[in-house]
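Have the sequence and the model side by side while you read.

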Amino acid sequence: MAISSVGGNVCRCICGDFPQDNTTILVSSSSGCQGCNTALCLQQFSGCVDAQKHGGAVAVHCIHRTALVPRFAVGLLIFIALMLVVAALNKDRSSVMRRIYDMIG
């Protein structure tokens, strides 16, 4: 994994049609996802250079970790997991939890 001097957002390089090993770079979160571009992938990974020479596409995907949507999604998944655990553990103790457990599955 190539790491820039200041970590932050996750930049995934997709080089050509075939899967590569790890083509993930951490880019500075101060500029959002502007640092995640094909030039960075070409500079860091020789597989991307080979893919571009042979007519394959080089694409990038950036996950802006400080944005609201990823934080909300992770928080929601944690909340749902906790609710499932609480419902499973308390289904025999409380009629309310039994109804929730029956609704889930």
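Is Gln-52 buried, partly exposed or exposed? Before the reply, a word on the source. This is a predicted model, in which local features need pLDDT of at least 70 and side-chain atom pairs count only at pLDDT 80 or more, while totals for chains, interfaces and linings use all residues. Residues are numbered from 1 along each chain as its sequence is written, and side-chain values use heavy atoms, with hydrogens and water left out.

Gln-52 is partly exposed, because its relative accessible area is 48%. Gln-52 belongs to helix α2, which covers residues 46–53. Helices (H or I, at least four residues) and strands (E, at least two) are DSSP runs, and they are numbered from the N terminus. Leaving aside residues up to four places away in sequence, Gln-52 touches Leu-42 and Val-58; contact here means heavy atoms within 4.5 Å. Between Gln-52 and Ser-28 there are 25 Å in space, C-alpha to C-alpha, and the two are 24 residues apart in sequence.

Now turn to strand β3, which covers residues 24–28 and contains Thr-24. Thr-24 counts as buried because its relative accessibility is 14%. The side chain of Thr-24 is joined to the side chain of Asn-22 by a polar contact of 2.9 Å. A polar contact is a pair of N or O atoms within 3.5 Å; within protein, one must be able to donate a hydrogen and the other to accept it, and residues adjacent in sequence count only if both atoms are side-chain atoms.

Next come the disulfides. A disulfide is a pair of cysteine sulfur atoms within 2.5 Å, and by this rule the count comes to four. Which cysteines pair with which? With the bonded cysteines of the chain numbered in sequence order, the pairing is 1-5, 2-6, 3-7, 4-8.

Cys-11 is buried, at 0% relative accessibility, and Cys-36 is buried at 9%.

Another disulfide joins Cys-13 to Cys-41, with 1.9 Å from S to S. Its torsion about the S-S bond is about -80 degrees, so the link of Cys-13 and Cys-41 is left-handed. Because Cys-13 lies in strand β2 and Cys-41 in helix α1, the pair ties together parts that are 28 residues apart in sequence. Cys-13 is buried, with a relative accessible area of 2%, and Cys-41 is buried at 0%.

Cys-33 and Cys-62 also form a disulfide, with their sulfur atoms 2.1 Å apart. The link of Cys-33 and Cys-62 is left-handed, with -75 degrees about the S-S bond. Cys-33 is in the loop between β3 and α1 and Cys-62 is in strand β4 (residues 58–63), so that distant parts of the chain, 29 residues apart, are linked. Cys-33 is partly exposed, with a relative accessible area of 26%, and Cys-62 is partly exposed at 22%.

Note on methods. Buried < 20%, exposed > 50% of the residue type's maximum accessible area, 1.4 Å probe, protein only.
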